[in-house]
Structures are given as C-alpha cells and as structure tokens.
Amino acid sequence: MSSVRVNPYPMPDLLTALEKLQQQQTSDTLELGTGSKINKPSDDPAGAAQMILMQDTGSQIDSYNQSIGSVNGQLSTADSTLNSVVTVLQRAIGLATEGANGTLSDTDRQAIADELSGIQSELISLANTSYQGQYLFTGTADSLPFVADQAAQSGVTYKGNAGTNVVAIGTGYQIQVNVPGSQVFNGSGTDVFQSIHDLISALNSNSGIADAARQVTNAYNYVTAQRVFYGNAMNQVQTQQSFLSTEKVTLAQQENTTAGADVTQVASDLSAGETAMNAAMQAISSMPRTSLFDYLK
Amino acid sequence: MSSLLGTMSIAVGALGAEQGALQATTNNVANANTPGYSRERAVLTENDPVVVGSITYGSGVSLSKLQSVRDPILQLRIEEETQEQAELNASVTAMQQAQVQFTSSSGDIGSMISAFFSSLNQLSSNPTDLALRQGVLTAANNMAGAFNNASRNLTQQRSSIDLQVSQDVDQVNVLTSQIATLNTQISQLQGVEEDASALVDQRDVLIGQLSSMIDVSSIQSDNGLTLTTGNGTALVVGGQAYALSTQTNSSGLQSIYSQGNDITSKIGSGELAGLLDVRDQQIPTLLSNLDTLAAGLANSVNAANKQGFTLVQQQDGSLQPGGNIFVAPPAGNQGAAASMAVAISDPTLIAASSDPTAAGSNGNLTGLCAIQNQATIDGQTSEAYYSNIVFNVGNTVSNGTSELNSSKLILNQLQDQRGSISGVSLDEEAANMVQYQRAFDAAAQVVTTISDILYTVINMGTYNG
C-alpha cells in the first residue's frame, strides 16, 4: 500500500460546495428581487454607509423641494396681491384726475370720495391677505397686519412688525420669503393708505387735490417697485427647484452605482450558479454506489 | 527441529493470525460510517526463527496487534481549526442578528434622523402652523422610538447570548467529565498492554466536540491525557475533570469561573469565545455608540430650542423661551438610546421664533435645522456618525464571514486528510479480505496436507500382510 490513499468519503466536501452555491443563489435571487445589491450592511459595508449619507442628502433635497413649493405659493400669492393693489391704485389715480376737474359739484366730489373710501377698505383687505393661515405682509408677527383706525393719521394702523423670515431651499442657501407690510405699503416718503386718506380729505375740502393725486401716483410707483422683490425671489426659487431636480437625478445615479443590482450580471450569475449546482448534484449522484465487495465471489 | 508437528503448529498459528486480520477488516467495514472512527490495521509479525545445527527454520507468523491508523498531529490541527471555526461561527451568527437593527429600511435610525430634520425644515416655511409643529413632535417621537427599538433589541440579544454561554458551560462540563472517565478506562487498558483504540476514537470525538465549545490544548503524558484551555486552566487531568461554573457579574451577565478564578476574558477560541466577544465587546460597543448618538442629538436639539421662543405668551406679553424637546440624556450617556424620549406633547413649545415679540418668526429654526449638517457628535454629523456604526457592523459581519468561509475550507481539507489516513475504504477492505482469506485457505490446506502426511507416518510401521 505505497500508493497515495485518497479520502474514501468526499461527501462532506461536496456538500460544502453545494451549500456555498445555494447561499450564492439565495443572495442573487434577493438581489434580483429587491433590485439592490446591498440588502444588509455586510453585503458591502462601505456602500451601505455611503447609502445612508446619500439617502440623507436625498431626504434633504426632498425637504427643500417641499419648502420651495410652500415658499413659491407664498411668493406668488403676495405678488398677485400686489398686482391687485396696483390695479386698485390705478383706479384711485383715475378718480383723482376726475376729482381735480374744477367743474365738479360738491356732490360729485363727495361721490368720488365715497368711492375712494371703498378703495381704502379694499386696499386694507388686500394688505391683510393670508396664505395657508400666514399673513403675507405682517413681518414676523402673528397678527392681522392692517386695521382701520380713525385715530391714526392715515386712518390705518400697522399691527405687524418689521421682521423678515428666511427659509432654507438648499444646503446653506436661504431665501428671504416676505417683506413686512410696513415696507411694502409705506416707504421713502410714500404711504399707500395715507395717500388715499389725504385724497379723500382733499376732495372733501376741495383743496390740494392735485397734490394729493400726485401722492397717490407716487404710492402706485412705490408699490410697483416693491413687486420686484417677489419677482426676483420667485425666479431664484424656480432656478433652485430645477437645480435640485438635477441634483436628485445625479444622486439617484450615484445610489444606483453604489447599491443598484447589475440585473444582467446577476441573472447570468444565477443561471451559471444553477449549472454549477446541477453539476455538483450530478457529481454527488454519480459517486460510486458499488465497491469491490459487489464483485467478489 | 524440523518436525511435522512443528510445521503443523506453524500452519495453525497462521490460521489464527489470518483470522485476526480478517476480524480487523470486519471491524473496519462495520465502522465505515462511524464518526471519528480510525481504521485498524492488522500488524502481522514473523515469529522468532529456530536454529537447529546449521539450519535456521522460520517459525511462522503471529498477529502482534491491531493498530489504529491515526495522525495525532493532524488530529491536533483539526481540533485547533474546529475551535477557530466555532468561534467565528458563533460571533458571525450573533452579529448577523445584530446587523438587522442597522439594515436600511423606512424605520431605521438613519431615515428617522433625516425625517426629524425634514419636519423642522417644513416648519420654517410656516412657523406658526400647528399641523407642521405636530409633525415635528411626531418625527421626534419616531426618532426616539427607533433608538429605543434598536437599543432594546440589542440588549435582548445580549441576554439570549448570555443564556447560551451558561448552556455552553454546562455542555463543557458534561464533555470534560466524559473525557475523564474515558481517560481512566484507556490508561487501565494500556496498563495491561491492551488495545484501547476504540476508546481513543471515542475520546477524540468528545475532544472534537469540546473544541467547538472552548479552546482546548491537549498534552499526552505517561499518566494519561491532560486538557487545558489555551491559557492553562485545567479542564481534564487524567481521570479528573475540573468543572467550570458561572456567576452573575455586576452587569447581570454570567462570568465563567474555574476553581474560584474568573476566566471569562481568558477564553481564546471556540463557540464560548465567539459568544463572549459579541456579548462583552461587540454589542456593548454598538450600544454605547447608539447612546452617544442619541445623547448628542438630544443635547444639541435641546440647546438649540432653548435659544428660541415658543408660541406661548407670558404675562408681560413676551414669548416664553424654549425648553427641552427631548428628555435630558442620563449622565455619562449610558442608556441614552434606550431611554430617549420626547419631553413635550404641546406643539406650541417648539421654539421656532428668534424674537420674543414675534410669534411668526422662524429665525430659531435655522439653528435647529443646522444641527443636521453640524459635526455635533464626536466631530461628525449625526448621519455620518450613524453611517460609521453601520459600516463597522457590516464590516465585522463581512470580515467574519470570509474568515469563517476560509476556516471551513481549511477544516474541510484537514478532514479530507484525516479521511485519507484514517477513513475506511471499502475497496481496500475487500481486497484485504480476499488476501487474508486466501492466506487462511492456504494455511488450512497446509494443515490438511500435514495431517495426511502424519497419517502416512503413523501407518508407516504397520505390518500389513
């Protein structure tokens, strides 16, 4: 017996090989089913850690996008409100021109003054516009911004404050989302409510109507200029929105590179694994079932 | 002294020897599938020759012994590798369970942290909105819940591993006492020059089982086999087994003692070492990492909230400053993850405003949201810290698995080698059987022939006729 003896029982070896193949098949099937090659941290520890950071980035992008939706709503509501304010002021300017006509009777002027009172109320109501429960022109206060008040010089009191809010719409990218009513309707020697109030007084006293009319025109120009802020902000927000969607796509690509299953590769591995498993089982089943004992006698 | 009777006795001796050899073959065939069985070989030796005058006569054959074919060095290697594999197997299995807590899902800690900061972000676009404020509290509760869950599950897993440790110690004690008994029997048999290979095989199987539990070194000496752990703690000395015991330690877990000495940290391999590693190192590290993360988040969010003002108006009309959103973590952070909880249920207590006179300000949310991208936990952002935990768990499992696979491969090869040395080959046995049978037949034929000759010799002197 000098020849090399071989292990007469190779079965455990074959079973180990079979077990390994089966494990591979299971993980391949899972990968195909989930479309991800990282189904638990040990599948690719570094990849799994990266995925967590990327998912966090993704969640931040989603959250910025939601903020953009809400901010955009606020901005466009404010902008269209100011558009209405401008239209109303245009009507007031028309009425002022009409009132300046010297041939008008007191009654006629009274009628114009009455109409202007209506316009004043309309302006107050526009200045008190809210979006999803938030007053758009109250600064950072949480109260109705403009209240009619006979005691006040302009007949209107501002209850808001001069604060502004900023909202993050990107990492380290914040945007101012409001302009306080005290600034939108009042600034650089102009006051929307004062100008209407003064015009009404001028009409009632039939003096200084032309001056008052000029003040209304100034107010009109001032409010028109205020709209620029909202237009710019909406532009910024929209640009950021398209940037975020590009970023989201890039992120999705990175996620796919890190964790996405290579479907064709896995499918071919799976079928190769099947072949290997068949071969292993073939090997097991074709192990000799006879020994020399069967041939004796 | 060439005599017929002498020749006869040689032939009869041969019959006995071949019969003995056949018995070895039969025993091999019978034990072909017995685990741990080492095949036996008949050792036939030539009898001492007899010298008569100038002629030397051979005096036949005798069966000197039935020898088990084994390689003790290989056996040692198998035991070592079994210990290694059992250790890896225990720790990989346990860590695979632990990593479930860190597997990416909609409810894992990482996504809950993201969701919490996302809810704060949403609030900034409408800071007085109660539904959005409630959203922040809900997200905070979910985040705390994710920490509680992960921490609780890891603690539970540690308890069940602890139970397994006690069971393994019991198992070790059963095995060592069986081995001690076999040691006694083996040395009794060897003392009278008897063959003890059947018992040695049995003992090898038991030592194999013991190796899968604990690290075992065996020393063969004149007074039998001594088994110790890798660091020298006696398990079996000859016929004496030294039982291990367990005692509950200060953390409520079982420590392992041998004759009054705590050997818990000295067990080098085997299933026990794997279990102890996960119970005393891996899981506590994970728990303490989670505690650091939970406490870090709670503290920074609390601190930021205190910088701002709530929606609640005080007597003087100003807004009440913010307080803790999360229950303050315990000192030293131990158990912070398990006990993480939201301290407030009133959504107006979120301090979104940075101005005590302006409820609609969102100025303080900037500070709260910024925590998400600030390196507040061990010099890392919360998500980066968490992703590191996940990396470490994944890496432990992944490395352990590859080590386990290569250990399996090595053990397979060693078993293969053992099989090629000690395994029973039926072909070989059949061939041996034929060989012994032929020799037996021949010897029997010789006996018949001598008998015939003797008959002739006996009748030689008979006068017939």
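This is a predicted model: local features need pLDDT of at least 70, side-chain atom pairs count only at pLDDT 80 or more; totals for chains, interfaces and linings use all residues.
View 1. Apart from neighbours within four places in sequence, B:Phe147 is in contact with B:Ile109, B:Leu290, B:Ala294, B:Ala337 and B:Met340. One of these partners, B:Ala294, is listed with B:Phe147, A:Leu199 and A:Val216 as the residues that touch the most other members of the largest nonpolar core.

**View 2. The largest nonpolar core.** This core holds 149 residues. Its main contributor is helix α4 of chain B (residues 130-191), which gives 18 residues.

**View 3. Helix α1 of chain B.** The helix runs over residues 4-30, 27 residues in total. From its first C-alpha to its last it reaches 39 Å, close to the 39 Å expected at 1.5 Å a residue. Buried positions of α1(B) are B:Ala14, B:Ala17, B:Glu18, B:Ala21, B:Ala24, B:Thr25 and B:Asn28. These buried residues pack against three elements of chain B: β1 (40-46), β4 (61-68) and α10 (426-460).

**View 4. The contact between chains A and B.** Here 43 residues of chain A are in contact with 52 residues of chain B. On the side of chain A that touches chain B, two or more residues come from each of α1 (11-34), α2 (45-99) and β5 (166-170) of chain A. The largest share, 15 residues, is supplied by α2(A). By residue class, this side of chain A comprises 19 nonpolar, 19 polar and five charged residues.

Notes
Residues are numbered from 1 along each chain as its sequence is written. Chains are lettered from A and ligands numbered from 1 in the order in which they are written. Two residues are in contact if their C-beta atoms, placed from the backbone, lie within 7 Å. Helices (H or I, at least four residues) and strands (E, at least two) are DSSP runs, numbered from the N terminus. Ala, Val, Leu, Ile, Met, Phe, Trp, Tyr, Cys and Pro count as nonpolar, Asp, Glu, Lys and Arg as charged, and the others, Gly among them, as polar. The expected span of a helix is 1.5 Å times one less than its number of residues. A residue is buried if 20 or more other C-beta atoms lie within 10 Å of its own, exposed if 12 or fewer, and partly exposed in between; C-beta atoms are placed from the backbone. A nonpolar core is a set of buried Ala, Val, Leu, Ile, Met, Phe, Trp, Tyr and Cys residues joined through C-beta atoms within 7 Å.
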